[in-house]
Amino acid sequence: MIHFVLLISRQGKVRLTKWYSPYTQKERTKVIRELSGLILNRGPKLCNFVEWRGYKVVYKRYASLYFCMCIDQDDNELEILEIIHHFVEILDRYFGSVCELDLIFNFHKAYYILDELLIAGELQESSKKTVARLIAAQDSLVEAAKEQASSISNMIAQATK
Amino acid sequence: MGSQGGFGQSKEFLDLIKSIGECRSKAEEDRIVLREIETLKTRLSSPNTPKFKLKEYLIRLLYVEMLGHDASFGYIHAVKMTHDENLLLKRTGYLAVTLFLNEDHDLIILIVNTIQKDLKSDNYLVVSAALNAVCRLINEETIPAVLPQVVELLGHQKEAVRKKAVMALHRFYQRAPGSVSHLISNFRKRLCDNDPGVMGAALCPLFDLITIDADAYKDLVISFVNILKQVAERRLPKSYDYHQMPAPFIQIKLLKILALLGSGDKKASEQMYTILGDIMRKCDSTSNIGNAILYECICCVSSLHPNPKLLEAAADAISKFLKSDSHNLRYLGIDALSRLIKISPEIAEQHQLAVIDCLEDPDDTLKRKTFELLYKMTKSSNVEVIVDRMIQYMISISDNHYKTEIASRCVELAEQFAPSNQWFIQAMNKVFEHAGDLVNAKVAHNLMRLIAEGFGEDDDAADTQLRSSAVESYLQIMGEPKLPSAFLQVICWVLGEYGTADGKYSASYITGKLCDVAEAHLADDTVKAYAITALMKIYSFEIAAGRAVDVLPECQSLIEEMLASHSTDLQQRAYELQAILNLDSHAVKKIMPMDSTCDDIEIDKSLSFLNGYVQQAVENGAQPYIPESERSGMSNISNFKSQEDHESSTHALRFEAYELPKPVLSQNVPPILASSTELVPVPEPSYVADILQPAISAPSASDAGSSELRLRLDGVQRKWGKPTYSSPTPSTSSNDTVKIQNEATQRDSVGMSNSKTRDVSYDSRKQQVEISPEKQKLAASLFGGVSKSDGRQPSSSQKISKPQNPTSDKSRAAKAAAPDTASVKTSQPPPDLLDLSEPSVSSSAPSVDPFKQFEGLLDLKQDPTPVSAGGVGSTEASDFMSLFTDMSLNVPTDGVLDPMPNVINGNGLGGITAADHSVQQLNKGPNLKQALEKDARVRQMGVTPSGQNPSLFKDLLG
C-alpha cells in the first residue's frame, strides 16, 4: 500500500502531498522535512529507494522535481517506480510536456489526476487512456457548468440593471 | 486572458505563487503566507463573495496548507462547498475536504449526508467524486451510512464507478473488517467484470483477503492463472500496455496473489508453473517494468513449492540483476537472493563477489539490503565476520531506527551462532557500548541469563570460563565514559554475581569499581540500584566464606548517601545491605547462597505456609481476609470482566503494598529472609515493567533471589545454539563450541564446500595465494570458505570479467559519444530560450536572485556565472545533457546484463543508443515547441525567468 505521495522541488519546496494513511499536520511537516533531507542529498546514481522508519520510500527525479512514494516493506519497489513514471506520463499528456510550473499553478488538477490513478493507496487504473478520458470528461463537464454559471450570472446582471 | 492568468488562475493567485517562489528566506515566506491567510479569512467568511471566487480561495487555502501552515479555519467552507449543486464547486469542495480532513475529524459528520445524496446522483462524475471522498473520509462509525449505496454502485453501468466502489469497499474492509464481512463475495464477482480496470481493482481487496486466509480462496487459483495467461498473451486492450508490456501492474498483482496461494501447497503450485515459466521467458529485461515483473516472478517462485526449472530460471534472473550496473537492479537482486537462499542455499556462493561489492557500496540502501541478506545466511561458520561487519556499520550510522534494528540482529545472531564465549562477550560488549540504550531491555536480561546459565550443558568449566572472561572484559570496559545505562546494569549484575567467584580479583577491588560506577552515574537510579545490590552480593559472599569484610570508605559513604536517598528503592536496598553486614556467616549463607542464580525456587503462590498463622489470628478475633475482587466488585454482574482482570492482576506484580497484614508480617519474619523471597515472585507478564521500574523488585531482602527469579521466569525461550532457518548442513544443531569442531569434519564428509569451518583464516590465506584481492578473503569467510572448485569459479568469473571490461569501456565510450551527439541536438533549445529570455532577464534582473542562493548551495558549478542570459543558456544546456546521460544509461546498462553475447552487445550498443536518441528526438520535437510556448506565456505573465531555477520550466519527462 502507498502511504503517501510527495512532490518536492530540488530546493525542498513542497509541490504536492497526498496522504493515504492518517498523519496529523505536525507529523506531515516532520515527514516532509525528514524525507527531503534524506532524498535531496542522495547522489544521482544510487538506488531510487530509501529505507525510512520501517517503510520504504521510492523516489525519482524528473528535471527539478522529486516524486516520492512511501510504501510497505514487502511492496515491489520497481513497480512503484513505474507507477511514478506512469503518473508523470499522464501528467505530461494532460498538460502537454508538463513542467514544474504547471504543477505549481495547477496543483489541484494534478490532484484530480492522481485521484483517478490511485485510490486509498492502491493503483486503481493502469490504463493511461482511461484516466485521460475520465479527466477529460470531468473537465468538459466543468466547462459546461462554468458556461452555465456565467450565463446565469449574466442574466442576473442584466435583470438587475 | 483578462484577469485570468495563463494557467487559468487569477492574477492574485499568480502573484502569491510568484512572491513565494521569489522568497529569500523562510521568514519572508511565512510573512507572505500569514498575510494571505488573513486575506482568505476575511474573504471566505464574507457573505458577499461570489461562489466561483470561493472556489479559488479554497484552492489558495490548499496551497497555504501544503506549505505547512494551519488552514483549519477554512475547513468548514470546504465542507459547505461539497453541498453545492454546481459540479465545478462540488468537485473542488470534495478535493479540499479529502486533502484537509482525516477520517477522525469532527466535520466528517457534516459531509456524510452530502455523500449519501451524491452517491445516488445520476451524473457518474458526481458519484465518482463522492466515492473518492468515501475512500478517504468514511470511518468505522459512518460506514453503515453509506454501505448500502456503495454496494449498489458495484453494479453501476459505468466502469469507472464500479472500480471506485470496489476500492471503497476494500477501504471499508481495511478500516473495519467486520462491517463488510458479508459482502466479500462481491470481490470475487468483480473478478469477472467485463472491464479490465474493475478486475484489476478487485485484485487489491482479494490480495488482502488471501493474505489473511489463503485456504478459502484455493478455488480461485485456476481463475487467477487463466487471467494471468490472458494478460500475458495480450488479450487485454492495447491501452493497458505500458512500455510494450501487457498490463504489467495487473500481472504484478496477480503474481503476488499466486505467491500467497501457492505457498506450501504443492497442488496449487503445480498449476502455476507453466504460466510462471512463460512470463519469465517473455520478460523484457531491458525495461524497468520488465524487471519489475521478473522480480515479482522470482518472489513468487521462491514462495511456491520448489520447482527445479523455475528455480534455475530465477537464479539466472538474479545473476543478471546482480551483474547490472544499475543500483536499483542490484538492490532487487540482493533482495531476491535472500528470498531464494531459503530454498537453495547454494546459489549464494556463485554471487559472493557481487554480494561483497554491494556490501562495500557507498549507497546506504544497498548496504542495508545486503546486511539483510547476510543476516539470513548466517551460519556458525561465518557469524564472526558478519556480526563484525554489522557492528562496524552500526557504529558508523546515526539513524536510531535502523541502529536499533541492526543491534538486535547482532545480538540474535551472536546468541545463536557464537563460536566461543570470548567472542560472544566481546561482540555483546561492542553492541551494548554503542547501542545499549536502543536495544530492548529484554536483550540485556537475556545476556545476563546467558552468562548465568552458561551453555546449559554439564560443562562447568566452560561456564566458569565464560563468566570470568565476562568479568574481565567488563572490568576493562567500565572505566569508559558514557556507557549506556542498560550496559552498566549488566556489568553491575555480572560483577556482583561473579566478580569474586574465580578468586582472581579481591572483593575490595570489585567493590571499589562498583562504587565508581554508582558515583559516576548519580542521575541514574537504576544503575545505582544495580550497583548497590551487587555490593550486597559481594559482601555477603565474603561473609559467607568467613572472611573479614572491610567496607571501603567510599562504599561506606555511598551506602550512607543511599540511606537518605529520595528513591525508596535505593533506601531499602541500602538498609538491607546494612542489615546483612551485621549478620553472621551462617545466616548470610542462607539468604545469599553462592552461585544460586540458576536454582529453581519454588513459589507457593497460595502462601499456604502462612495458614497456621492466619488460623491463629482468626481465632484471636481478627477479621477474615476477603479477596480484593469480592471487596471491590461485589454487587455487579457487569463487573465480571473487571473481576477477571483483577484475577490476572493478582498474578502480576503489585505495586502498592498489601493493606494491613504487611507490617505485621515483616515484623515477624525478618530473620527468615530466605523464605521471604518466596513472597515476592516476579511473574512473567510484568517482566518488562519490572525492568523499567526496578524500584518495585527491591522489597525482597535477597536480591540475588529475586534477580534469579527474573531470569527464570521471563518466558524468553532459550536461543543458544538453535538455528533460525533450517539449512541442510548439520552444523546448525551445534550446541556448544566443542561440537562445532566435530561438525566441521562432519560437514566435510557431507561434501559441502567448506572444509574447515573454524580455520577460516587459514582457508582464506590459501585463497589469497590463489587470487589476491581482499574481497576474496571476505567472500571466503562469509560464504563458509570457498572450496577448491569454488575457488576456481570466482577466478574464472574474474577472467570473464576481464574481457568484459573492454566491452564495458566501449559501452562507456558509446555512452559518452551518444550524449555528445544528443547534446548537439538538444543544445538547440537553449538558444531559443535565450532569445526569449534576454529582454525579460535584463528587465527583471534586480529582482531575480531568490533562487540564486539555493543554486549556489546546491550546485557550485552554476554559481560562478553571473545572472546573465549566457548563464541561463549554459546551465540549461548542462542540465539537459545530464538528463540525457541519465536517460541513456539504462540502455547500455542492460546491454551489459547479458553475459553471453558481450562482444555483439558492445558493438551493437552504439547503434542502440543512437536509435534510442533518435526516437527521443522524434518525441521531443513537439514537446519542445510546447515547452517554449509555455515558457513564452509565463514570461508574458511576468513570472520570474529561468535564471534562478532553470528547471522550473523544464519538461519533466526530459
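Select Arg234(B) and Asp241(B): their side chains meet in a salt bridge, 3.2 Å from N to O. Arg234(B) has a relative accessible area of 43%, so it is partly exposed. Keep in mind on this tour that the model is predicted.

**Stop two: one helix, one pair**

Move to helix α15 of chain B, residues 266-282. Pick Arg281(B) and Asp278(B), which sit three residues apart there, about one turn of the helix. They form a salt bridge, with the closest N and O atoms 3.1 Å apart. Which end of the pair is exposed? Arg281(B) is, at 64% relative accessibility. Asp278(B), at 25%, counts as partly exposed.

Select Glu12(B) and Arg60(B). Their closest N and O atoms are 3.0 Å apart, in a salt bridge. Glu12(B) belongs to helix α1 (residues 11-21) and Arg60(B) to helix α3 (residues 51-66), so this pair ties together parts of chain B that are 48 residues apart in sequence. Is Arg60(B) buried or exposed? Arg60(B) is buried, with a relative accessible area of 2%. Glu12(B) is partly exposed, at 32%.

Now widen the selection. Over all chains, the structure holds 39 salt bridges.

**Stop four: where the chains meet**

Show both chains. How much area do chain A and chain B bury between them? About 8,100 Å², with 58% of it on carbon and sulfur atoms. Chain A brings 85 residues to the contact and chain B brings 90. Nine salt bridges cross this interface. For a salt bridge between the chains, select Glu116(A) and Lys164(B), whose side chains meet at 3.2 Å, N to O.

**Stop five: a hairpin in chain A**

Go to strand β1 of chain A, residues 2-9, which pairs with β2(A) in the antiparallel sense over five bridges. Find Leu7(A); opposite it in β2(A) stands Leu16(A). Four residues lie between the strands of this hairpin, and Gly12(A) takes a positive phi near 85 degrees. Then select β2(A) itself, residues 14-19: six of its six residues are buried, leaving the strand mostly covered.

**Last stop: a nonpolar patch**

Return to chain B and show the surface. Select Ile76(B), Ile109(B) and Leu110(B), which make a nonpolar surface patch of about 270 Å². Ile109(B) is found in helix α6, residues 108-119. With a relative accessible area of 60%, Ile109(B) is exposed.

Key. Residues are numbered from 1 along each chain as its sequence is written. Chains are lettered from A and ligands numbered from 1 in the order in which they are written. This is a predicted model: local features need pLDDT of at least 70, side-chain atom pairs count only at pLDDT 80 or more; totals for chains, interfaces and linings use all residues. Side-chain values use heavy atoms; hydrogens and water are left out. Patches are made of residues with over 30% relative accessible area and no salt bridge: like charges are joined within 9 Å, nonpolar side chains (Val, Leu, Ile, Met, Phe, Trp, Tyr) within 5 Å. Accessible areas come from the Shrake-Rupley method with a 1.4 Å probe; for residues, only the protein chains shown count as cover. A salt bridge is a side-chain nitrogen of Lys or Arg within 4 Å of a carboxyl oxygen of Asp or Glu. Helices (H or I, at least four residues) and strands (E, at least two) are DSSP runs, numbered from the N terminus. Buried means under 20% relative accessible area, exposed over 50%, partly exposed in between (1.4 Å probe, protein chains only). Two strands pair if DSSP finds at least two bridges between them. Contact means heavy atoms within 4.5 Å. Buried area is the accessible area (1.4 Å probe) that two parts lose on being put together, summed over both.
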